[in-house]
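Here is a short briefing for a first look at this structure. Keep the sequence and the 3D view at hand while reading.

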Amino acid sequence: MMILGILLICTVVVALMLGHLAKMSFRERVLQTAAMLAAAFVFYGLAVLVESAAH
């Protein structure tokens, strides 16, 4: 659970930094952050599935 929290925080920070560097509007930053969070959840879910299948 702690790994998921760290992953999500890092994802939000990266998304906000990329949005700032690209000079995106607030709406675009929110959409990008949401998309990156969704991708992080999918990645974490796949990692959990692979780990549980290995046991």
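**How the helices pack**

Helix H1 (residues 2-21) and helix H2 (residues 26-54) have axes that come within 9 Å and cross at roughly 150°. Axes here are lines fitted to C-alpha atoms, for helices over the stretch in contact, and angles run from 0 to 180 degrees between N-to-C directions. The model is predicted: local features need pLDDT of at least 70, side-chain atom pairs count only at pLDDT 80 or more, and totals for chains, interfaces and linings use all residues. Residues are numbered from 1 along each chain as its sequence is written, and side-chain values use heavy atoms, with hydrogens and water left out.

**The helix pair**

- H1 and H2 are therefore roughly antiparallel to each other (angles over 145 degrees count as roughly antiparallel).
- Their crossing is right-handed, meaning that the near helix is turned clockwise from the far one by less than a right angle.
- On the H1 side, the contact includes Leu4, Leu7, Leu8, Thr11 and Val12. On the H2 side, Met36, Leu37, Ala40, Phe41 and Tyr44 are among the partners. Contact means heavy atoms within 4.5 Å.
- By class, this contact of H1 with H2 has 13 nonpolar, five polar and one charged residues. Ala, Val, Leu, Ile, Met, Phe, Trp, Tyr, Cys and Pro count as nonpolar, Asp, Glu, Lys and Arg as charged, and the others, Gly among them, as polar.

**Two residues of H2**

- Arg29 lies in helix H2. Arg29 counts as partly exposed because its relative accessibility is 25%. Buried means under 20% relative accessible area, exposed over 50%, and partly exposed in between (1.4 Å probe, protein chains only).
- Arg29 touches Gly19, His20 and Met24, leaving out residues up to four places away in sequence.
- Arg29 and Ala15 are 14 residues apart in sequence, and their C-alpha atoms are 7.3 Å apart in space.
- Phe26 also sits in helix H2. With a relative accessible area of 68%, Phe26 is exposed.
- Phe26 and Leu7 are 19 residues apart in sequence and 22 Å apart in space, C-alpha to C-alpha.

**The whole chain**

- The chain has two helices and zero strands. Helices (H or I, at least four residues) and strands (E, at least two) are DSSP runs, numbered from the N terminus.
- The chain's radius of gyration is 14 Å, well over the 10 Å that the globule rule gives for 55 residues, so the chain is more spread out than a compact globule. The radius is taken over C-alpha atoms, and the rule is 2.2 Å times the number of residues to the power 0.38.
- Along the principal axes, the C-alpha atoms fill a box of roughly 45 × 15 × 15 Å.
- Of the 55 residues, 15% count as buried.

Note on methods. Angles under 35 degrees count as roughly parallel, over 145 as roughly antiparallel, 65 to 115 as roughly perpendicular and the rest as oblique.
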